[in-house]
Amino acid sequence: MNAINQFLLRNNLRIVNNPCVSPDFCLDWPALSTKLLHAAASLHFYLKSTFETKAGTWTLFEDKATGDCGWSVISTTQNDPSSLLQEGKIVQPKRAIFPATFANLLVLKNLIQEHNPASTVFPTAGQKLGQSTLGIGARFTALHWPAVDWAMSALEIGMTANQNSIPRELVYDVNAMLDGKLDSVPFPFIGTNVPEGHQGQSVEGMSHGCVLAKLKTGFHRRGIAWSFNADHQPIGGKFDVREDQLVAGCVLASYITFDLSPEFAQTNVPDDAVGWVKANVPAELVTRVKARVALIGLTVNESDLAKLLAYVWPGVKKMKVRDEKYAAARAKLFTTKVGREYLRELSIDELPGLTTPETTAAMLSLCEALGMKVNFVAPAFGFQKNMPYPDNAALKTLIEKQWNVCKQFGSSIGFHSGSGKSGENYQVMGQVTSSHLEIKTSGRYTYEMGKALFASKNAADQALWKDWYQFTVELALKGVFSTDATEQKMARIFVTDALSKAGKPTDVFASEATVRAALGSLTISPEHMFWFEYNFLFVLAGGGKAEKSALGDHSPAGYKQRERFYSISDEGRLNFSKNIASYIIFLAQNTALASKERCAAATKLLASYETLDAMQGDISK
Ligand SMILES: [Zn+2]
């Protein structure tokens, strides 16, 4: 048994309430297979999950007590199909079972796509996913996907239905995690570094879970293509040393976001940029970029272009190397064209300042010349996370300038930090680009979980909510008096915002007691800015402690904390699902990804559900 499954079993961290940590969706195959052979009635067979391959018909089954899953195949071609995947056991003539391991998932992908290239069981780059989509960050994995799948089904549009940043939010390598070798990510607003993978799930676990989620509800029967975005894959800088592991981890992603900022951050433009470019960038490339930029109607003088190229070329060169690795990993594992394809996004919004059209044009023409089709490019528009853009007319002008460049490369615009904009902001984005866009959202769904628990009448949900809220109060209190200037400034902004919105005095920073009293006078609510800003840190905080040392805890204590979320009531789950679906409908309507009529019908249907089963039952239609 591999190390991660041993670790999880030893600490009684089971998939049923701690999903997507292991790459496998079966931790204990001896136990699951024994149950199937001797007590099959205690297992759940997902009737809607069935799909065909050349060898026969497959069904997903689960031990709902543990969350361990397996595959059952009834073959039409073989008497003993037990060698179709690894660790197979024959049950009766023509029927075999297999554990839902990651290795088996990779083989199944080939069997499915060889048999039916149009299959939508796995994420792909198909249909319109490379032009128009919504990026839905899946912070709560198994709690989250059915709501996204419901929305895709009701709206009849494909989306980036699985998305998270790696290695920032997801554990990029479970063995590195077990060895205590995860790096940390600076979070200036709390004045500390938090271990990467701060949501606890692994990239392979997420890859696995999002496929199984669709099979359980029969989403794949709808024929709607969906994608899995390995978001903000860091290129260059300190990430060079582990790029092979980053590539290996996200092999099931059908969409890669290249974030060149680590390399840019350490690139110094030499004084003699023109000379540097002559010596380092192939002359033919420079000529192509110049011609392409001119064709678009932009003018860049020689010296400015040289400065720009000297700045971006080291990063772009590494992007090309990485891209070849993603392609090679897919070519090695997958047998079909559809199984190997992936979309690309170029993220340049991390660069300082607003992105100029010239920068976008230069970057896109470099990628084009190097044979990397960029489906989405994310310039910086000066968005603040979770804040509407204040001026729609100015936003329109900014987007028009970028769109004028992007459309000439056949690229759509990726809007990062896309959560929490106004309906009008989204309308502008949709109108200017004719819906050739992606809105990326992620933090929004942690907020929706808070709202769901807050509204739940279930006692355990309420207890979790109150602990969660108190955790953020304590972090805010510590931040307000921190000696770290940024941490203190941000904490005071969050506290002041909450107090002023509640119509309370904001001159409260005299002592810890006065701040505590002021925060204590607020009505508990998920609308307070300090809760919003600190909330995601609670999920993997060991013991739920509001201490910096407890954050991003990949020990059993952190995962026991995470388990609380996956143990919420059906009412909490239904609230959460409805909140997610309703936000997706809002995005789809305002960006014009779906018609007003369809969005209205979906909203009405959503409001009618009184149970999670009813909602999930409609996904397959
Ligand atoms: Zn970005």
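Trainee: In which strand does N164 lie?
Mentor: Helices and strands are DSSP runs numbered from the N terminus, a helix being a run of H or I with at least four residues and a strand a run of E with at least two. In that numbering, the strand that holds N164 spans residues 160-165 and carries the name β7.

Trainee: What pLDDT do local features need in this predicted model?
Mentor: Residues are numbered from 1 along each chain as its sequence is written, and side-chain values use heavy atoms, with hydrogens and water left out. This is a predicted model, in which totals for chains, interfaces and linings use all residues, side-chain atom pairs count only at pLDDT 80 or more, and local features need pLDDT of at least 70.

Trainee: Is N164 buried or exposed?
Mentor: We call a residue buried under 20% relative accessible area, exposed over 50%, and partly exposed in between, using a 1.4 Å probe and protein chains only. The relative accessible area of N164 is 1%, so N164 counts as buried.

Trainee: Which side chain does a polar contact of 2.8 Å join to that of N164?
Mentor: Leaving aside residues up to four places away in sequence, N164 touches several residues, among them A138, L170, N229 and S442, where contact means heavy atoms within 4.5 Å. A polar contact is a pair of N or O atoms within 3.5 Å; within protein, one must be able to donate a hydrogen and the other to accept it, and residues adjacent in sequence count only if both atoms are side-chain atoms. Such a contact, of 2.8 Å, joins the side chain of N164 to that of E169.

Trainee: At what distances is the zinc ion coordinated?
Mentor: Donors are N, O and S atoms within 2.8 Å of the metal (3.2 Å for Na, K and Ca), and sites may look incomplete since water is not among the atoms. Along the chain the donors follow the spacing H-x114-S-x1-D-E-x65-H. They are H232 (NE2), S347 (OG), D349 (OD), E350 (OE) and H416 (ND1), and they coordinate the zinc ion at 2.1 to 2.3 Å.

Trainee: How many residues apart are H232 and E350?
Mentor: With 17% relative accessibility H232 counts as buried, while E350, at 30%, is partly exposed. H232 belongs to strand β10 (residues 227-234) and E350 to the loop between β12 (343-347) and α13 (357-369), so that this pair links distant parts of the chain, 118 residues apart.

Trainee: Within what arc do the buried residues of α1 fall?
Mentor: Helix α1 (residues 3-10) has I4, N5, F7 and L8 as its buried residues. Seen down the axis, with the arc taken over the directions from the helix axis to the C-beta atoms, they line one face of the helix because they fall within an arc of 160 degrees.

Trainee: Against which helices do the buried residues of α1 pack?
Mentor: After α1 comes N12, whose phi is positive, near 50 degrees. The buried residues of the helix itself pack against α5 (174-178) and α21 (556-565).

Trainee: How many salt bridges does a search of the whole structure find?
Mentor: A salt bridge is a side-chain nitrogen of Lys or Arg within 4 Å of a carboxyl oxygen of Asp or Glu. Searching the whole structure with that rule gives a count of 32.

Trainee: How many residues apart in sequence are the parts that E345 and K440 tie together?
Mentor: The closest N and O atoms of the salt bridge between E345 and K440 are 2.6 Å apart. E345 is buried at 0% relative accessibility, and K440 is buried too, at 4%. Since E345 lies in strand β12 and K440 in strand β15 (residues 437-441), the pair ties together parts separated in sequence by 95 residues.

Trainee: Which helix holds both R516 and E512?
Mentor: The side chains of R516 and E512 meet in a salt bridge of 3.3 Å, N to O. An α-helix has 3.6 residues a turn, so residues three or four places apart point the same way. R516 and E512 are four residues apart, about one turn, and the helix in which both lie (residues 512-520) is α19.

Trainee: How many disulfides does a search of the whole structure find?
Mentor: A disulfide is counted when two cysteine sulfur atoms are within 2.5 Å. The search of the whole structure gives zero.

Trainee: How far away is the cysteine sulfur nearest to C406?
Mentor: C406 counts as buried, at 0% relative accessibility. C406 is in no disulfide, and the nearest cysteine sulfur, which belongs to C367, is away by 12 Å.
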